[in-house]
Amino acid sequence: MVVIMAKLYTFVLILASQVIRHGAANRDKRGIAKACRYTNVPWSDCDPSTWLRTKTVRLMDQEQFSNGESCPETREFSQTCDKEELPRGIKQLLDENRNYKLRQNFCHMKLRETKTFMEETQIAVRRINELYIESKSLSEERYSNFTALTITIKSSYKQLQAKHRELQHKHKETENRLVSLEQENRKLKQQK
C-alpha cells in the first residue's frame with residue numbers, strides 16, 4: 001500500500017511540473033503571449049425564443065502576440081439555458097402562457113367531448129324517430145286490423161241475432177205445433 005502511495009505521489013509531482021512548464025511555455029521571456037487572449041464578460045440574459053444566452057468578448061489590447069498571429073477583434077459565444085435562468089418577468093409570462101395553453105387544451109377536450117355527445121345524441125334521435133315511424137305504421141296497421149275485425153264481429157253478431165230470431169220463431173212455431181198435436185192427440189184418445 002505504501003509503494004502504491006509513493007508511486008501515486010511521484011505521478012502527481014511529474015504532472016504538476018509539466019503543467020507549470022506548459023504555463024511558462026505560453027509566454028517567452030519578454031512577456032509575449034503565444035495565444036489570443038480575450039476579456040471575460042458576463043453572459044447575457046436567456047432569450048426565451050431561442051433558449052440561448054450569448055456573450056461577445058473583445059481582444060485584450062495590452063497583449064502582444066507571437067508569430068504575427070492575427071486574432072479576430074471579437075468572438076461570440078452562445079450557450080443553452082433553462083427556465084431557471086430566465087428573467088423573472090419572462091418566467092411569469094411563460095407560466096401564464098403554459099396555463100393559458102392548459103386551459104385552451106382543456107376547452108378543446110371539452111369541445112370534442114361535447115361534439116361526440118352531440119353526434120351520439122343525433123344518432124339516438126334519428127333512431128328514436130325511426131322507431132316512432134315504425135311503431136306508428138304498426139299501430140295504424142293494428143288499428144285498421146282492429147276496425148276490420150270489429151266490422152266483421154258486428155256483421156257476424158247481426159247475422160247471429162237474425163239467426164237467433166229465426167230459430168226463436170221456429171221454436172215458437174214448433175211449440176205451437178206441439179201443443180196443437182197434443183190437443184189433437186187428446187181428442188183422438190177421447191174419441192176412441
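This passage describes the fold, the confidence and selected residues of a predicted model.

Residues are numbered from 1 along each chain as its sequence is written, and side-chain values use heavy atoms, with hydrogens and water left out. As the model is predicted, local features need pLDDT of at least 70 and side-chain atom pairs count only at pLDDT 80 or more, whereas totals for chains, interfaces and linings use all residues.

The protein chain contains two helices and two strands, where helices (H or I, at least four residues) and strands (E, at least two) are DSSP runs numbered from the N terminus. The order of the elements from the N terminus is α-β-β-α. Mean pLDDT (the predictor's confidence in each residue, from 0 to 100) is 83 for the protein chain, and 78% of the residues reach 70 or more. Of the contacts between residues at least 6 apart in sequence, 46% join residues at least 24 apart. Buried residues account for 7% of the 192 residues in the protein chain. Buried means under 20% relative accessible area, exposed over 50%, and partly exposed in between (1.4 Å probe, protein chains only).

One disulfide is present in the structure, a disulfide being a pair of cysteine sulfur atoms within 2.5 Å. The bond is formed by Cys46 and Cys81, with the sulfur atoms 1.6 Å apart. The link of Cys46 and Cys81 is right-handed, with 50 degrees about the S-S bond. Cys46 lies in the loop between α1 and β1 and Cys81 in the loop between β2 (74-80) and α2, so the pair ties together parts that are 35 residues apart in sequence. Both Cys46 and Cys81 are buried. Another cysteine, Cys107, is partly exposed, with a relative accessible area of 45%.

Strand β1 (residues 52-58) includes Lys55 as well as Arg53. Lys55 is buried but has no salt bridge, and Glu76, the nearest side chain of opposite charge, is 12 Å away. A salt bridge is a side-chain nitrogen of Lys or Arg within 4 Å of a carboxyl oxygen of Asp or Glu; Lys and Arg count as positive and Asp and Glu as negative, while His and the chain ends are not counted. The side chain of Lys55 makes a polar contact (a pair of N or O atoms within 3.5 Å; within protein, one must be able to donate a hydrogen and the other to accept it, and residues adjacent in sequence count only if both atoms are side-chain atoms) with the side chain of Asn40, at 3.1 Å. Leaving aside residues up to four places away in sequence, Lys55 touches Asn40, Val41, Pro42, Trp43, Arg75, Glu76 and Phe77.

Arg53 counts as buried, at 18% relative accessibility. A polar contact of 2.7 Å joins the side chains of Arg53 and Gln79.

Trp51 is placed in the loop between α1 and β1. Phi of Trp51 is near 55 degrees, a positive value in a residue other than glycine. Trp51 counts as partly exposed, at 33% relative accessibility.

How values were computed:
Contact means heavy atoms within 4.5 Å.
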